[in-house]
Amino acid sequence: MRNILASNQITQEQEKDLSARRINMAIASGIAGASMAFLINLFLARSMQIEIFGEFSSCMGVLKIWKVVCALEMGTLATKIFKRNKSNRNIEESRGLRRTGPFLIIIASIITYIALVTSHAMIHDKTAVRLESFAAVLSVLPLVCLRQFFKASVAVHGAGVAASVIAGCIEKTIYILFIGSLIVIWKPPLGILLVTGAMASSLIISMLLLYILLFKSEPEIIKHGKPRYSVAKWAKTGFLLSLTTLGVAMLDNGGLVVLGWINADGTASAELAAAITLGTIYYVIAQSCASIFKPVLSEAAANRNQARVFNIFRLWYKHLAYLFLPSLTAMIITAPWLLNLFGQEFKGGIWTLIVCLIGYTITSFNLLFVKLYQYLGQEINAMKIMLIAAMLGILGMWGLGIIWSDLGVAIAANIALIGAQTLIAYLAWRAMGKWHTLPNYSTYQH
C-alpha cells in the first residue's frame, strides 16, 4: 500500500512538472530554433561556393570549440553565486562578478585570438583556410562569449524566456535578414568577409538587447553597493567548469577542423557541415526538451528518489521516440533530396549525412544520462570521460579522415561521442541502483 501511495504521489508531481503540454511546448521551441539554424546554413551554402562554404564552416568549427573555453562559464558561475543564500558576502561577490565577468571574457578572447591567428599564419598555405578568412571569423569570438554571459545573467534574474527569445529567434532572424540583404545587393557568390560582417552585426544587436534586458531585470541590490572581487578564483573555477562541455564541443566540431587543416579539403568540410546542420536538428530539439526535464531530474537525484528518476527517463524516451524515430526514417529515405537543397555539389555526402542523422539521434536520447551523472556529484568524472573521448575521437577523425574523408570523420566523431555517453549512462545507472531496488515498471505508468 505504501508503495502504491508513493507511486501516485510521484505521478501527480510529474503531471505538474512534466505535463505533455509543457514538454510539447519545449519540443516546439526546439523545432523553431533548429529550423532557423537550418535556414541560415542553407542560405549560406546556396549563396557561397562549396569550397568557400567549407572554409567558412572550418573556421566556425574552431570558433565553436574555443568559445567554450573563452566564455569561462562566467554565466554559470554568476548563477551559482547569486543563487546562494543572500548574505552580504555573496551579494558583494555577485556585484563584483557582474562587473568583472565581461572583462575576463574579453581578455581571454583577445589572448586566444592572437594565439590562434598567429599559429594559423605559420601554416595557412598548407590548409584549406585562408589567413584573412580565419582572422575575420575568429574576430567575433568575444561577441559570442559576451552574448552567452549576458543571456545567463538575465536568466538568473527571472527573464530567461525573454533572453532565450532574443539570443535565439530574434538574433537568427536578424542574421537571415542581413544575409538576404547581402544576396540582393552583392549577388552570389558571397565572400566570407561579408558573411562574417552579417554575423557580427546580428550578434552586436542581440548582445545590446540582452544588456538592456539585464539592466532592467537586475535587482537594485546588485546594481549599487560595494563589490567583492575574487578574480583568480573566478577564472580558475570558470575554466574548470568550461572543460565539462569542451569534450562535446570538440567532438561536434573537430571534424570540420580536421578536414580544414589536416586534410585541407574545403569540399569535404562543406559536405560534413551540411550533414551536421541536418543532424543537429535532433540535438537542438533534445536540448530544448531537456530544459523541462533537468530541474525535475536534479531534484529527484538530490532526494535519491530512484522511482521518480526511473519515471522521468520513461517519459523522456517516450516523447523523443514518438518524434524522432518516424522523422529519422523519413530523413534517411529523402537524404539525396535534402542534400540537393544545399546544392548539387553536396550530393557526394549522402552516407556522411546518414551517419550524422543516426549519430545525433542516439546522442540526443542519451543526453539526459549525462545530466544525471553530473547531478550525482560526478562532474569531474564526466569531464574526464568526455575529454578522453574527444582526444580519441580526434585521433580517429585524423586516421579515418585520410581513408574516407568526411565520412570517416563523421564515423569517428559519432563512435567516440556515443561511446562516452554509453559509459556515462552505465555508471550513472549503476550508481543510482545502489540506492534501493528498482521499482516495477508497470507501477509507474503516466
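Author: Let's start with a word you'll meet a lot: a residue is buried when its relative accessible area is under 20%, exposed when over 50%, and partly exposed in between, using a 1.4 Å probe and protein chains only. Helices are DSSP runs of H or I with at least four residues, strands are runs of E with at least two, and both are numbered from the N terminus. Keep in mind that this is a predicted model, where local features need pLDDT of at least 70, side-chain atom pairs count only at pLDDT 80 or more, and totals for chains, interfaces and linings use all residues. Residues are numbered from 1 along each chain as its sequence is written, and side-chain values use heavy atoms, with hydrogens and water left out.

Now for the close look, at helix H6. This helix covers residues 131–138, and six of its eight residues are buried, so it is largely enclosed by the rest of the structure. The buried ones are Ser133, Phe134, Ala135, Ala136, Val137 and Leu138.

What does H6 pack with? Helix H3 (residues 50–70), for one: the two axes are 9 Å apart and meet at an angle of about 45 degrees. Those axes are lines fitted to C-alpha atoms over the stretch in contact, with angles running from 0 to 180 degrees between N-to-C directions. Angles under 35 degrees count as roughly parallel, over 145 as roughly antiparallel, 65 to 115 as roughly perpendicular, and the rest as oblique. H3 and H6 are therefore oblique to each other. A crossing is right-handed if the near helix is turned clockwise from the far one by less than a right angle, and left-handed if anticlockwise; H3 passes H6 in the right-handed way.

Next, the rings. Those of Phe, Tyr and Trp (its six-membered ring) pair if their centres lie within 6.5 Å, and planes under 30 degrees apart are stacked, over 60 edge-to-face, and the rest tilted. That rule gives 14 aromatic pairs. One of them is Phe293 with Trp316, edge-to-face at 5.3 Å centre to centre and 80 degrees between the planes. Phe313 is buried at 4%, while Trp429 is partly exposed at 26%.

Last, the cysteines. A disulfide is a pair of cysteine sulfur atoms within 2.5 Å, and the structure holds zero of them. Cys70 is in none, and the nearest cysteine sulfur, that of Cys145, is 5.2 Å away. Cys70 is buried, with a relative accessible area of 1%.
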